[in-house]
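Please read the following report beside the sequence and the structure, which are shown here.

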Amino acid sequence: MPVLKREQARDLGDPSGLPKLPVPPLQQTLDMYLKCMSHLIPEEQFKKTKAIVEKFGAPGGMGEFLQKKLVERSEHKANWVYDYWLEDMYLSNRLALPVNSSPVMVFPKQNFTSHSDTLRFAAHLISGVLEYKSLIDGRALPVDYARGQLAGTPLCMDQYNKVFTSYRLPGAKMDTLVAQKSTVMPEPEHIIVACKNQFFVLDVVINFRRLNEKDLYTQLERIRKMADIEEERLPPIGLLTSDDRTQWAEARSVLIKDSTNRDSLDMIERCLCLVCLDEPSGTELTDTNRALLMLHGGGMDKNGGNRWYDKPMQFVIGADGCCGVVCEHSPFEGIVLVQCSEYLLRYMRGSPSKLVRAASMSELPAPRRLRWKCSPDIQAFLTASADKLQRLVKNLDMNVNKFTGYGKEFIKKQKMSPDAYIQVALQFTFYRCHGRLVPTYESASIRRFQEGRVDNIRSSTPEALAFVKAMSMLCDAEKMELLWTAIKAQTNYTILAITGMAIDNHLLGLREIAKELKLEKPELFSDTTYATSIHFILSTSQVPTTEEMFCCYGPVVPNGYGACYNPQTDHIIFCVSSFRDSAETSSDLFVKTLEGCLKEMQDLCLKCNSESKPTDSTEKMAGNTKVMKNGSKS
């Protein structure tokens with residue numbers, strides 16, 4: 001498969017007609033950077049950083065030179081930050097994909113009473129996947145439009161084209177995002193079915209005809225029987241993909257020395273997606289446990305080897321009813337995971353299973369088990385990968401909490417943006433737990449621009465700090481005023497981010513273009529403050545759904561929290577993750593504190609909002625900031 005270059009992925013003329021991502025003014029970014037960090041670092045450190053920033057931004061200085069080069073880059077690239085961002089955010093990251101990088105969508109628990117129930121569900125889901133792929137291939141998906149600020153703006157649909165055609169290839173220093181070339185003639189298409197740590201090729205298009213649901217069921221039944229033959233079982237090679245990226249790249253380079261392994265890898269790398277038929281986990285399927293099982297499979301002794309983490313979409317179907325999707329995040333954002341998942345759940349509910357009525361193909365070629373030749377070196381890699389996955393399983397501390405005190409309806413009645421309100425509540429919670437605020441990441445969609453992915457909303461604003469401090473010392477009227485000010489600041493930063501004017505992508509671009517030009521690293525980027533600014537102890541994302549499901553992910557730093565939330569009319573689902581080996585964090589304590597903070601904010605609103613009227617501009621800003629149904633602000 002060729003490397004996914006933008007020239008292959010889209011027409012350079014951009015038929016969508018979307019504007020290019022702007023390069024923000026240099027001084028605006030530098031001023032905002034200082035404002036974002038001023039209250040998060042010691043005073044002496046800030047003075048030093050301020051001097052460094054002023055030197056960088058001085059007339060005729062390094063900043064102006066790099067800014068000019070960045071503007072030149074933007075003139076001949078569809079999106080000046082895309083490559084820099086993709087490499088920095090994903091491809092150069094050496095951490096293992098499960099927990100650290102791959103988000104998951106957890107479906108409602110299914111009630112399977114037999115293996116045939118599980119396989120019927122799987123066949124129905126695969127039919128839905130093939131329908132969805134045909135919509136993408138036929139460019140028949142409706143265009144997404146922004147809601148809230150600048151409502152009605154069409155959004156870039158490029159990410160959808162990568163759902164079933166991409167593969168993340170591990171590299172020694174950097175991974176590569178590869179994609180299949182599209183062809184005029186339909187090619188044979190297949191998915192990979194994982195069952196009992198074995199991998200099977202299931203052709204879904206044979207002789208230019210798509211398999212119907214009855215045929216899919218027949219083939220899945222054959223796969224299940226083949227997986228049960230113990231003497232045929234091979235080592236759980238999928239475990240290698242759960243290791244850190246450099247280690248997996250090294251193992252893969254040993255694997256491909258054998259032609260049998262090369263053929264098997266080729267089949268996996270070219271498949272549409274994976275369907276993972278999991279064994280029962282033997283645990284109580286609470287929301288928290290289902291989230292854990294989806295994130296890491298439960299480790300080697302459960303379903304941890306029944307995965308191939310480099311593929312963008314793995315549909316997990318557990319015999320015990322634990323189902324969902326594991327997503328390799330580099331090709332696309334949360335919107336794709338949400339939209340695809342919601343389409344499938346609606347498809348399965350709305351189109352009855354066609355197992356009985358459909359005409360079947362008379363002769364179906366048998367599904368094929370992928371073979372592996374395992375040298376002693378590969379066995380050693382497998383042992384090491386299994387140990388590391390087990391440590392990750394033991395380390396992850398997850399709490400999925402359905403907060404039922406109120407939902408987005410109450411927040412909207414206060415004429416506040418639910419997202420801004422929840423972000424302020426998360427700052428309040430962190431402050432209550434730790435007595436300080438820290439650099440915070442909230443994903444903001446920049447899909448109103450060509451090839452737009454995300455930028456960062458820095459939610460730990462000075463205004464949020466003033467509010468959270470006030471909650472333990474000032475009178476109610478003053479607290480309320482400061483809450484409004486914090487929500488306004490959050491809303492204003494959101495608008496900057498979604499219109500391409502936030503600071504994170506811009507600073508990344510300046511840093512990377514200096515490296516590209518082989519210049520000495522500017523002091524701005526070797527300063528301690530910059531390292532602190534991108535160490536996101538609180539990593540957050542709003543992922544609203546219209547179906548009964550929720551998204552979750554792990555922390556992005558060892559001493560941090562992952563906080564994914566799904567606001568519904570009368571409740572909010574929070575998925576909070578951290579690592580047990582950090583003495584600084586506790587998911588249970590965070591969630592318990594969060595519930596108390598949300599209650600205090602509600603009490604304050606109920607006491608004050610009838611008396612305290614926000615200014616017109618504040619009300620308009622807070623009330624209008626809505627979110628796309630996609631897991632990032634639009």
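An open sheet of 6 strands has the order 11-17-16-14-12-13 with mixed pairing, where two strands pair if DSSP finds at least two bridges between them, and where strands (E, at least two residues) and helices (H or I, at least four) are DSSP runs numbered from the N terminus. Its edge strands, each pairing on one side only, are strand 11 (396–403) and strand 13 (454–457), and the twist from one strand to the next averages 20°. Strand 16 and strand 17 run antiparallel and are joined by 6 bridges; Gly-562 has Ser-577 of strand 17 as its bridge partner.

This is a predicted model, in which local features need pLDDT of at least 70 and side-chain atom pairs count only at pLDDT 80 or more, while totals for chains, interfaces and linings use all residues. Residues are numbered from 1 along each chain as its sequence is written, and side-chain values use heavy atoms, with hydrogens and water left out.

Helix 16 and helix 20 pack at about 110° with their axes 10 Å apart, so they are roughly perpendicular (65 to 115 degrees). Residues in contact (heavy atoms within 4.5 Å) are listed below.

| Helix | Contact residues |
|---|---|
| Helix 16 | Asp-476, Ala-477, Lys-479, Met-480, Leu-483 |
| Helix 20 | Met-601, Leu-604, Cys-605, Lys-607, Cys-608 |

UniProt, in an unreviewed entry, lists His-329 for "active site", and such annotations may be inferred rather than shown by experiment. His-329 is found in the loop between strand 9 (323–327) and helix 11 (334–350), and counts as buried because its relative accessibility is 15% (buried means under 20% relative accessible area, with a 1.4 Å probe and protein chains only). Leaving aside neighbours within four places in sequence, His-329 is in contact with Tyr-90, Ser-101, Pro-103, Gly-334 and Arg-453.

Terms used: Axes fitted to C-alpha atoms, helices over the stretch in contact; angles between N-to-C directions. Parallel < 35°, antiparallel > 145°, perpendicular 65-115°, else oblique. Buried < 20%, exposed > 50% of the residue type's maximum accessible area, 1.4 Å probe, protein only.
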